[in-house]
Amino acid sequence: MGTSNQETLVKLITKLVMEELYGMCTQIPIGVSNKHIHLSRKDMDVLFGEGSELTPIKDLGQPGQYACAEVLTVKGPKGEFGRVRVLGPLRPETQVELSKTDARTIGIKAPIRESGVLDGTPGVELIGPEGSVMLEKGAIVALRHIHMTPETAKQWGIKDKDIVDVRVNGGERAGVLGNVLVRVSDKYALEMHVDTDEANACCLDNNDTVTIIKK
């Protein structure tokens, strides 16, 4: 057997062994989420003026999602952040997504939650150019999660709300991130979202890839 054929065989055996050890594996692109805000129509009217509209400036990784020109001050008991970006489109409820570090900095205990699960979460004050809103709830640390289409989920044997682990490939801070929520919809594109704390801990940047491990 020639050297090239031997190398090919070794690579194939290595691949099969790795799949046996770690289960079904595939690559997921990363999207790093800095602190940001999703607004309701009601709060948009107070903060930016009645009937105001969001101004898209950049498309995001998920179809129909975009960063806006609009920014707000987010104020907690111990501090505030200026110029926090609003993301569109508008939602039924206002939601403020922070990292654990962000939450501690402004003096709130934001729980780790799936997006949209806001009962029992702390509020913050939002200050805009036309007014301010004191939220009764809505500040969370987003549960790390993967967006994927139904076709991809079916191909990989995964369903909506499954919990998986992912392997951070290579680099100086390679490791495994557990408790990753899978969200499946025909409105999604394949992407894993982590916050800035998680990205910094694992040296991840936008469009880096991780390996999903379904046990």
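Colleague: Which residues touch the most other members of the largest nonpolar core?

Modeller: This is a predicted model, where local features need pLDDT of at least 70, side-chain atom pairs count only at pLDDT 80 or more, and totals for chains, interfaces and linings use all residues. Residues are numbered from 1 along each chain as its sequence is written, and side-chain values use heavy atoms, with hydrogens and water left out. A nonpolar core is a set of buried Ala, Val, Leu, Ile, Met, Phe, Trp, Tyr and Cys residues joined through side-chain atoms within 4.5 Å; buried means under 20% relative accessible area, exposed over 50%, and partly exposed in between, with a 1.4 Å probe and protein chains only. Among the 25 residues of the largest such core, those touching the most other members are I37, L39, V124 and L126.

Colleague: Thanks! Which element gives the largest share of this core?

Modeller: Helices (H or I, at least four residues) and strands (E, at least two) are DSSP runs, numbered from the N terminus. Elements giving two or more residues to this core include β2 (36–40), α2 (41–48) and β4 (66–75). The largest share is four residues, and it comes from β4.

Colleague: Where do the buried residues of α2 fall, seen down the helix axis?

Modeller: Those residues are D43, M44, L47 and F48. An α-helix has 3.6 residues a turn, so residues three or four places apart point the same way. Taking directions from the helix axis to the C-beta atoms, the buried residues of α2 line one face, because they fall within an arc of 105°.
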